[in-house]
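The sequence and the structure are shown first.

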Amino acid sequence: MAPKDDAAGAIPHLKPKDIDELKTLNDLLHLIFHRNKNQHHLSFWWRGFATFRREYQHLLAEYEASKTNKTSKKRAKARLDTWKQIRVPQWYLSFTHLISSNQFSAIGLALLTILATVSSLFGITAALQEEGEQHIQERLREFAQKDARELFAATADGKKDEDVGEVIKRPRDPEPEQEPKQRPAKKKVVETAKKKKKKGKNAIDDLFAGL
């Protein structure tokens, strides 16, 4: 866990074991520098590594002198601010790019580990994380306010903008044609039967009447 500042704008107070670890990392950087200088001094990543090594040596010396020298303390604080704002992101990109190369990935991994350890001990990692969280929260609040304004505007203008559609009258189905009513033929059938019966009766009467 990164040490906390004792006051606003103050550099962190490190424990003796943390200072020993920083010195060990400084020796490791010195070893990497001299072993790879002849082979990689013209490589693209070497410039970032050389700058990191030089800046780290200055920071370590200024931090040790800051306990008794106010000027060194101010320089160390200013250097840490520059690291947080500019240097650390640049070195991170340079070393991760070196890791992506299969041939020199071990060097890139070692440099990235040293950078992460130093940034954590000096509180740079925690500061960057806090700034990142604040930036995310600000962006979320902006989106929430924007969405709320758009929602209220849409609700206010809902009646104007709402498409209620057009009423379409459906044509009525044509009424079925009524067939003409036919008079019942029962009466005619009865009358015809009566006539036939009457005629039959008259014929029989006429036959017996002639006897």
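Helix α3 comprises 31 residues and spans 42 Å from its first C-alpha to its last, close to the 45 Å expected at 1.5 Å a residue; the expected span is 1.5 Å times one less than the number of residues. At Trp 83, α3 bends by about 55°, the bend being the angle between axes fitted to the seven residues ending at a position and the seven starting there. The buried residues of α3 include Ser 72, Arg 79, Trp 83, Lys 84 and Trp 91. Here buried denotes under 20% relative accessible area, exposed over 50%, and partly exposed the range in between, with a 1.4 Å probe and protein chains only.

The model is predicted: local features require pLDDT of at least 70, side-chain atom pairs count only at pLDDT 80 or more, and totals for chains, interfaces and linings use all residues. Residues are numbered from 1 along each chain as its sequence is written, and side-chain values use heavy atoms, with hydrogens and water left out.

**Overall architecture**

The protein chain contains seven helices and zero strands, in the order α-α-α-α-α-α-α along the sequence. Helices (H or I, at least four residues) and strands (E, at least two) are DSSP runs numbered from the N terminus. Of the 211 residues in the protein chain, 27% are buried. Among contacts between residues at least 6 apart in sequence, 63% join residues at least 24 apart; a contact means heavy atoms within 4.5 Å.

In soluble globular proteins, nonpolar side chains tend to be buried together. The largest nonpolar core in this model has 34 residues, and Phe 49, Trp 83, Leu 111 and Phe 122 have the most contacts inside it. The elements giving two or more residues to this core are α1 (16-40), α2 (44-65), α3 (70-100) and α4 (105-121). Helix α2 gives the most, with nine residues. A nonpolar core is a set of buried Ala, Val, Leu, Ile, Met, Phe, Trp, Tyr and Cys residues joined through side-chain atoms within 4.5 Å. Leaving out residues up to four places away in sequence, Phe 122 touches Pro 12, Leu 14, Leu 22, Leu 59, Tyr 63 and Leu 80.

**Aromatic contacts**

Rings of Phe, Tyr and Trp (its six-membered ring) pair if their centres lie within 6.5 Å; planes under 30 degrees apart count as stacked, over 60 as edge-to-face and the rest as tilted. The count by this rule is eleven aromatic pairs. One of them is the tilted pair of Phe 33 and Phe 49, at 6.2 Å centre to centre with 45° between the planes. This pair links distant parts of the chain, since Phe 33 belongs to helix α1 and Phe 49 to helix α2, 16 residues apart. Arg 53 lies over the face of Phe 33, at 4.1 Å from the ring centre; the criterion is NZ of Lys or CZ of Arg within 6 Å of the ring centre and within 35 degrees of the ring normal. One aromatic cluster is formed by Phe 52, Tyr 56, Trp 83, Trp 91 and Phe 95.

**Accessibility of selected residues**

| Residue | Relative accessible area and class |
|---|---|
| Phe 33 | 12%, buried |
| Phe 49 | 0%, buried |
| His 58 | 38%, partly exposed |
| Ser 72 | 11%, buried |

His 58 is found in helix α2. His 58 and Arg 79 are 21 residues apart in sequence and 8.8 Å apart in space, C-alpha to C-alpha. Ser 72 is placed in helix α3, and its contacts, aside from neighbours within four places in sequence, are with Glu 62, Ala 65 and Ser 66.
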